[in-house]
Amino acid sequence: MDIYKLIEWVVKIGIVFLIFMHALAYIVLLERRLLGFIQMRLGPNRVGPFGLLQPLADGIKFFFKEEIIPRDADRTLYIIAPVVALVPALTTIAVIPFGDTVNLFGRQIELSITRVDISMLVILALTSMGVYGIVLAGWSSNNKYSLMGGLRSSAQMISYELSLSLAIVGVVIFSGSLDLVQIAKEQMGTWGGIIPKWNIFTQPIGFTLFLISVIAETNRVPFDLPEAETELVAGFHTEYSSMKFAIFFIAEYANMVTASAMATLLFLGGWHGPYVEKFPLLGPVYFTMKILFFLVLYIWLRGTLPRFRYDQLMKFGWKFMIPVALANVVLVAALALFLY
Amino acid sequence: MMEQAFFLILATLAVGAALSVIIQRSPLYSAFSLIGVFACLAGTYIMLKAQFLGAIQMIVYAGAIMVLFVFVIMLLNIRKEETALDKYRYLWLLSIPFAATLIVEVLYTILKVTSDFTSLPEMAKRPEVGDSQSIGYGLYTGYLMPFELTSILILLAIVGSVILARREKD
Amino acid sequence: MNAFKPYILNALVFLPLLGTIIMLMYDQIVGKNEESLRRIALFFSTLTFIASLPLIWWTGDPALSVNVPWVENLGINYHLEVDGLSLWLVLLTTMLMPIAILSGWTSVHDKVREYLAFMLVLETGMIGVFLAMDMILFYLFWEVMLVPMYFLIGVWGGERRIYAAIKFVLYTMVGSLLMLVAIIALYLLHGDAQVGGKATFDIVTITKNLADSNFLSFNQQYWMFLAFGLAFAIKVPLFPFHTWLPDAHVEAPTAGSVILAGVLLKMGTYGFMRFNLPMFPEAAHHFAVPIMVLAVIGIIYGALVAMVQPDMKKLIAYSSVSHLGFVMLGMFAFTDMGMQGSLYQMLNHGVSSGALFLVVGIIYERRHTRQISEFGGLATPMPVFSTLFLIIAFSSIGLPLLNGFVGEFLILIGTFNSTYSRAFAAFATTGVILSAVYMLWMVQRVVFGEITSEKNRNLPDLNLREKFVLVPLVILIIFMGVYPSFFLNRTAEQVKQIRTVVEKNKPSNPVADNLK
Amino acid sequence: MQSLNLNYYYVLPHIILSITGIMSLLFGAFNKQAHRDLVFINSAGLITAGVSTYRLWNLVSSNAKDGPLTAFSGMVVLDHMSLAFIFIFLIVAFLSTLLSLNFLEDEDQSPEEFNSLLLFATVGMMLMASAGDMVMVFLGLEIASIATYVLAGYRKTDLRSNESALKYFILGSFSTAFLLYGMALVYGATGSTNLETISNAIKSGNNAITAQPMVMELLYVGAGMLLVGFGFKISTAPFHVWTPDVYQGAPTSVTAFMATGPKAAAFVAFLRIFVFTFAASYSFQLHTTWVNLLQVLAILTMIIGNIVALSQTDIKRVLAYSSIAHAGYALIGFLADDWISVAFYMLTYSIMNIGAFAVVSVMAGKGDEKTELENWAGMGFKSLGLSIALLVFMLSMAGMPLTGGFMGKFFIFKTAWDKGFHIIVIVAVLNSAISVYYYLRPMVMLFFRDENETNPTPLMSWTTYVTILLALAGTFYLGIMPGRLFSLLEVAKDVLVK
Amino acid sequence: MVPLSWYLALSAVLFTIGAVGVFVKRNVISIFMCIELMLNAVNLTLIAFSSFYREVSGQLFVFIVMTVAAAEAGVGLALVIAVFRNRESLNTDDINLLKL
């Protein structure tokens with residue numbers, strides 16, 4: 001194997017990982033500040049300027065907190081659970097492209113850790129693994145609130161994964177590929193120089209469905225039933241403390257980032273934006289901005305919407321989302337037939 | 001050599017996990033062992049250049065079917081298998097010759113199949129299969145009928161599950 | 001009259017069935033009236049009897065035969081014919097049926113409709129068996145007749161009726177299903193032999209082709225003889241297969257016993273005559289000695305066991321084993337006289353043992369017991385009955401001038417003249433003596449002597465219905481005894497044919513020669 | 001790009017039934033008291049499908065020299081065998097629909113799902129009959145099985161029904177795994193899943209793809225696995241253990257369906273793969289191997305089925321064991337390479353079995369409470385018509401002449417004897433003699449015994465009445481006038497898979 | 001290059017383990033999982049042959065098998081729930097109303 005290739009890999013993984021982990025930390029801060037803003041309060045602003053060092057303080061706190069493992073817990077699973085939650089969440093980032101191929105140091109470098117022709121499916125496969133972390137946590141804690149959380153999580157995952165996949169099918173029909181790079185590339189250019197050729201404009205229904213499903217998949221408000229604190233104390237992570245708790249936290253935010261990245265790639269043209277063709281390195285910047293948009297949306301929703309009741313959630317998923325998603329597939333297929 | 005080593009690792013893991021499926025007393029542990037098997041198999045699929053099915057394996061089996069299993073295990077809160085195996089020792093005994101026959105028979109056959117098709121000249125010319133395109137093409141041409149029929153299958157599975165799992169209308 | 005000829009065989013088969021249907025309809029439309037049901041049944045069975053009478057003169061007339069394809073692809077025909085072999089058996093059936101129905105006039109009370117329906121269906125089956133000239137048709141009637149008999153025993157029978165009914169059916173089934181295999185095999189071999197056109201189940205055709213060119217190897221004959229033979233031997237019943245008979249006879253209601261003894265057993269011997277002898281002559285020679293041995297064992301064993309029976313019905317049942325031994329013995333003597341006698345003895349047994357069962361039925365109705373020890377001195381309260389009983393018993397013993405004598409005499413002579421050992425005839429003669437012993441002993445204990453039980457003192461004598469039941473049989477007994485040629489003339493030709501075929505295929509060095 | 005050979009016309013019966021199934025679902029969704037209407041919808045669908053099947057039959061006949069019709073790139077093969085079995089399935093579905101109405105109404109079960117599942121199961125069975133590829137066999141089998149699992153568990157609050165469904169499900173999927181493994185190995189040996197390609201490969205001895213001599217061991221083991229899989233599905237000994245439990249526990253009208261339809265379907269797929277694809281003319285050795293193996297299985301099946309049935313006290317278990325024994329008889333025709341006799345046998349078997357189960361469903365009363373024979377003592381004359389109907393069905397199963405059962409057995413024995421299977425025919429014959437005992441035992445209970453307690457006279461709805469009448473008519477028709485059917489089938493003999 | 005027979009052997013071993021599991025496990029869900037294991041083993045065989053033959057139908061077959069497995073899982077687990085509702089046990093030894 002080519003030694004440069006190896007170096008390139010190591011560097012890419014290093015950079016992405018570093019940025020990603022930091023980003024996660026700061027998304028938490030962003031969320032807290034934004035929520036504060038929405039709720040007309042300050043949020044954490046004492047540690048460092050504007051509270052910018054707050055994530056660091058939180059990290060230190062988590063590290064030094066006492067770790068508690070309940071006596072009747074299933075120890076093995078209890079310890080494994082956070083890992084199971086985190087690993088898929090972090091692994092997905094490997095196949096997400098954040099820009100087109102750029103020419104750096106005399107090498108063609110793809111702006112993704114690795115490129116596979118079915119990256120879409122890989123992401124789906126990996127994210128679907130994420131539920132096991134929650135389920136395991138819920139089961140192993142041997143606590144009825146946790147168990148309920150785990151149960152709800154798995155049911156929710158199965159239910160919304162269908163509409164999620166169906167929403168994606170629409171995009172796949174349009175771009176004719178399961179490769180995220182290819183999907184993003186298909187959205188290059190504009191109509192009449194004004195409207196970008198993003199999928200969001202051709203399939204707004206698909207976008208909406210995707211967004212709703214993805215929020216449900218990441219267990220975020222208004223679909224945060226697995227950890228609904230008013231009913232289940234803290235749901236699946238009721239018994240978790242210190243770093244284990246933090247890992248769940250990280251996993252959740254990593255999932256949010258992945259989801260936002262997917263939304264960006266599938267519907268908002270990925271890294272495309274003005275002048276990207278000329279300056280490929282602008283791609284990641286656009287990409288980050290779009291992701292940020294979705295993250296803010298997430299937080300905004302959390303600040304705005306009340307939580308669903310469990311039966312409402314199920315009814316909504318099966319009786320509204322899936323039929324509409326199916327109809328959307330038909331619609332998109334007809335549209336594709338008409339357009340191409 | 002790399003590949004072979006990799007295969008051996010995957011195979012060992014798969015067999016280990018599979019054994020764990022039947023050795024574990026708790027269904028949940030079995031379920032997670034089974035997920036392990038699925039993951040290893042997905043790995044072997046990818047080694048066989050069947051990436052598409054590898055991904056589908058993870059999505060459908062590990063991501064959907066097993067979630068269902070785990071869901072039901074949790075729903076029914078089955079902590080341990082209620083009976084120890086030794087009560088049914090004769091079944092164990094029954095299974096040993098059964099397994100032995102099966103495995104000897106199949107392994108004997110398989111180990112006789114040493115011919116490697118890839119060494120055949122005309123085989124090398126054939127394109128690789130297993131990418132999403134060839135699968136998609138196959139599904140909508142030769143396999144159109146079975147593909148369409150899966151819709152009936154799924155419809156009836158949905159109807160069936162709903163009937164069985166819903167509560168009696170009082 | 002000739003206009004009726006083509007329909008008469010069909011009429012014989014279907015008249016009883018029609019009666020059944022009308023009875024069921026009557027029940028539905030007019031309402032429950034047991035008396036009228038009985039009359040309808042009696043009417044139809046009598047009508048059948050009357051319809052069967054012309055056969056005596058028409059037998060052998062080709063215009064009688066009915067032959068239409070039934071399942072053409074399989075070569076199954078609906079073929080009915082009557083010849084010397086079947087003529088008297090058909091008549092016996094049609095005659096016994098009204099008598100049987102009459103006999104149950106007052107003794108059967110519950111489920112009369114079903115009882116009569118089964119009787120009539122049974123008649124259809126029996127007539128069908130004797131008339132069928134297609135193997136599958138034969139098999140059909142053979143099996144169909146089991147069902148009503150099963151129910152007659154099972155529903156209206158005595159205490160151990162369930163056991164008896166099931167035993168009866170199972171025994172018959174085992175044999176008959178093997179016969180089915182043999183039928184299929186015969187059909188296929190006949191088809192393979194490429195003689196006389198396409199594959200067929202037709203008995204006449206196959207018999208003729210077999211007589212013309214014996215395409216069966218000895219081995220094939222051997223196995224098929226066994227398969228057919230087992231079915232018939234069970235029905236006859238030949239000695240080791242007889243155990244169902246006492247059970248069935250004893251447990252069956254009177255009418256059932258009459259039919260069982262009178263007709264059903266003849267189906268076995270008829271089958272031997274129809275199939276085993278003309279179709280597999282070489283094997284018949286091969287098996288002649290073993291069968292004759294069994295027949296003689298049956299004669300003596302049956303008589304000995306009958307002697308110690310305290311139960312009248314059982315006694316008569318075992319006497320049947322003995323009598324049918326004679327039939328088998330005569331048949332396998334392969335002489336004209338023996339075979340004629342065998343045929344004649346079938347009729348005799350039908351008439352006289354039928355009558356005996358009726359006699360037992362009559363006193364059972366009065367006393368609800370069949371134990372010989374319960375009776376004694378019946379001659380005093382029931383003189384007419386006793387007279388008739390005596391005549392019937394004499395007929396069964398084989399007293400000269402009565403029918404039994406003719407049959408047994410012919411058989412014994414025939415056997416004596418046969419190529420096989422004379423010892424058979426000698427042993428069989430002891431059977432005659434033994435039969436006199438047990439029969440007379442029974443008559444003596446029941447009819448003569450002092451009245452031992454007070455209950456018997458005031459038993460009423462035969463009423464008109466019972467006279468109607470018994471008197472025709474007694475007349476027949478005497479008629480057959482004094483004018484046998486009326487019967488024998490009509491069977492002679494058929495018997496001769498069979499004998500010729502058998503003789504023609506006699507192995508050069510039969511086992512029997514060594515025994516002589 | 002290859003042109004797609006999609007002949008929708010050839011799968012018209014399948015399409016019609018699928019649409020009817022969906023329609024009855026929808027109809028039921030909007031109309032809550034739809035029991036009777038659904039029967040009409042189903043019947044209409046079934047009859048239409050029957051008509052189109054009949055037209056296809058004529059088409060196949062007129063196309064006789066070009067071989068069977070194929071559609072969907074060889075996935076669907078229509079020849080006389082598939083169409084004959086499709087007819088059987090349609091009849092089974094029709095009778096089951098009629099029969100189940102009473103169950104659904106009496107116990108207030110939701111009818112629309114039941115009816116549509118029944119139709120989907122029928123579609124699955126039809127797919128098995130017309131399968132030209134192993135994947136179609138598999139898929140058809142699964143569609144039929146999954147629908148039947150649900151039907152077996154339809155009486156949800158009844159533990160027996162639950163258990164029945166669960167056992168059926170577990171053993172069904174277990175056997176499917178074997179079947180599938182067999183298919184995979186056959187695919188490995190021959191290089192194709194298409195049955196025609198496989199038979200060509202077997203004929204030439206070369207793998208379809210590599211054109212090298214194929215690995216026969218793989219084929220043999222694959223065939224063995226298939227044998228095990230199909231053995232489960234048609235419940236031959238020693239793979240029969242699930243049958244009695246499942247038949248006993250399921251609602252009787254469902255038992256009627258699953259004792260007949262899926263079994264016949266398994267038979268047709270079994271025939272397609274073994275008799276036509278692994279045929280003697282292609283590979284003599286393979287053929288003799290499986291024939292010998294199956295001969296042992298058939299003998300075992302008949303003996304076990306009949307002997308164990310003798311000691312059963314529950315009528316549904318008696319019928320279950322009898323159905324095991326019947327699989328053994330049908331296997332004889334199978335061994336003789338004669339699909340016609342098997343088809344005829346399955347037809348008679350289906351009709352008489354549905355009839356018998358229909359009577360049982362009435363006699364057992366609501367909720368199938370009284371299936372013990374002991375409960376039936378003395379009921380015979382009280383419900384004479386029913387009992388006589390049961391008698392006819394039982395006698396038919398025992399092989400009494402004048403009934404379809406006799407003709408079926410006769411036909412099979414004749415063919416097998418002709419082909420030289422003498423021992424097995426004799427074993428079969430002796431077995432049928434034994435079987436008479438347990439077939440007549442219900443009669444003993446009904447007619448010969450006195451009533452234990454005063455049972456109410458069983459009542460039946462008109463649909464059940466019609467079912468029983470139709471089954472009776474069918475049994476007698478097949479027994480008395482099978483000629484026309486035979487000549488129809490005889491014509492078909494010439495047209496087989498290429 | 002990994003030879004074909006290795007894949008097949010792995011598949012055979014897994015299939016056998018699954019089959020044995022069906023015999024020895026006493027819990028319905030566990031038995032069901034063993035059946036899934038068997039199906040997966042078969043899938044491996046199919047895919048191995050398919051990619052060595054470079055012929056897609058084996059993989060398409062697997063695609064269908066996966067669909068079927070999903071459908072079967074749905075119905076099977078619904079059945080399990082139905083049984084559990086009526087009888088608080090999933091042990092096959094307790095499911096004995098019908099004699100085996």
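## Reading chain contacts, a helix pair and a pocket

Author: Welcome! In this predicted model, no contact joins chain A and chain C, and the closest C-alpha atoms of these two chains lie 56 Å apart. Chain A and chain D do not touch either, with their nearest C-alpha atoms 15 Å apart.

Reader: Which chains share the most contacts?

Author: Chains B and E do, out of five pairs of chains in contact.

Reader: Now to helices. What describes two packed helices?

Author: The angle between their axes and the distance between the axes. Take helix 15 (residues 336–367) and helix 20 (residues 485–504), both of chain C: they pack at about 130°, and their axes are 9 Å apart.

Reader: Why are helix 15 of chain C and helix 20 of chain C called oblique to each other?

Author: Because an angle over 145 degrees would count as roughly antiparallel and 65 to 115 as roughly perpendicular, the rest being oblique, their angle of about 130° makes helix 15 and helix 20 of chain C oblique to each other. Their crossing is right-handed.

Reader: Which residues meet there?

Author: Helix 15 of chain C brings residues including Met339(C), Leu343(C) and Leu347(C), and helix 20 of chain C brings, among them, Leu488(C), Val495(C) and Ile498(C). By class, the residues of this contact are nine nonpolar, two polar and three charged.

Reader: And what lines the second largest pocket?

Author: Its lining has 40 residues, with Leu17(C), Val121(C), Ile388(D), Val392(D) and Phe476(D) nearest the centre. The pocket holds about 1,500 Å³ of space. Helix 14 of chain D gives the largest share of the lining, eight residues. Sorted by class, the lining has 33 nonpolar, five polar and two charged residues.

How values were computed: Residues are numbered from 1 along each chain as its sequence is written. Chains are lettered from A and ligands numbered from 1 in the order in which they are written. This is a predicted model: local features need pLDDT of at least 70, side-chain atom pairs count only at pLDDT 80 or more; totals for chains, interfaces and linings use all residues. Side-chain values use heavy atoms; hydrogens and water are left out. On a 1 Å grid over the protein atoms alone, a cavity is a set of points where a 1.4 Å probe fits but cannot get out, and a pocket is an open set with protein on both sides within 12 Å along at least five of seven lines; lining residues have an atom within 4 Å of a point. Grid points are joined across faces, edges and corners, and a volume is the space filled by probe spheres set on the points. Helices (H or I, at least four residues) and strands (E, at least two) are DSSP runs, numbered from the N terminus. Ala, Val, Leu, Ile, Met, Phe, Trp, Tyr, Cys and Pro count as nonpolar, Asp, Glu, Lys and Arg as charged, and the others, Gly among them, as polar. Contact means heavy atoms within 4.5 Å. Axes are lines fitted to C-alpha atoms, for helices over the stretch in contact, and angles run from 0 to 180 degrees between N-to-C directions. Angles under 35 degrees count as roughly parallel, over 145 as roughly antiparallel, 65 to 115 as roughly perpendicular and the rest as oblique. A crossing is left-handed if the near helix is turned anticlockwise from the far one by less than a right angle, and right-handed if clockwise.
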